[in-house]
Amino acid sequence: MNMLNLGWSEILWVTLIGFSLVALTLALLIFVIKLFGVAFAANHKQKVAKKSAAKGEAAPAEVELPTMVSAETVAAIAMAIRLSVGEDHDRESEVITIQKIKRAYSPWNSKIHGLTQLPDRK
């Protein structure tokens, strides 16, 4: 089969198969990564339980965190952030001033030194 004589149906099939393979591979990678996360979390819990059993201590209890934060707490945190951020900045004049700075002559950036003719060698 000559590469230049491909029809649109062949091009579309190759494209469809390519996209499908990429999507399937990404889904498989996501599944594998999640599986590793579950396996490592279970392994970590087992190690912690074995260490505490070897020391004769009780296994550490799971800490329960509150699921919701009260509206007063959120308001207090927001006000504290606003006050701490607001004090750092002063009021700008909103006037742009461009001042020309007079610089002394420097031979380091002068182009005339690079344009001098070299002496003839005989």
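Let's start at Gly 56, which sits just after helix H1 and takes a positive phi of about 85 degrees. The model is a predicted one, where local features need pLDDT of at least 70 and side-chain atom pairs count only at pLDDT 80 or more, while totals for chains, interfaces and linings use all residues. Residues are numbered from 1 along each chain as its sequence is written, and side-chain values use heavy atoms, with hydrogens and water left out.

Now step back into H1 itself. This helix has 48 residues and reaches 71 Å from its first C-alpha to its last, close to the 70 Å expected at 1.5 Å a residue (that is, 1.5 Å times one less than the number of residues). The protein chain has two helices and zero strands; these are DSSP runs, H or I of at least four residues for helices and E of at least two for strands.

How much of the chain is buried? Buried residues make up 2% of the 122 residues, where buried means under 20% relative accessible area, exposed over 50% and partly exposed in between, with a 1.4 Å probe and protein chains only.

Leu 28, Phe 31, Val 32, Leu 35, Phe 36 and Phe 40 form a nonpolar one, with about 640 Å² of accessible area together. Within it, Phe 36 belongs to H1 and is partly exposed at 47% relative accessibility. Lys 47, Lys 50, Lys 51 and Lys 55 form a positive patch. Lys 55 is also in H1 (residues 8-55), and is exposed at 63%. Patch residues have over 30% relative accessible area and no salt bridge, with like charges joined within 9 Å and nonpolar side chains within 5 Å; a salt bridge puts a side-chain nitrogen of Lys or Arg within 4 Å of a carboxyl oxygen of Asp or Glu.

Key
Areas by Shrake-Rupley, 256 points an atom, 1.4 Å probe, with all protein chains shown as cover. Lys, Arg positive; Asp, Glu negative; His and termini not counted. Charge placed at Lys NZ, Arg CZ, Asp CG, Glu CD.
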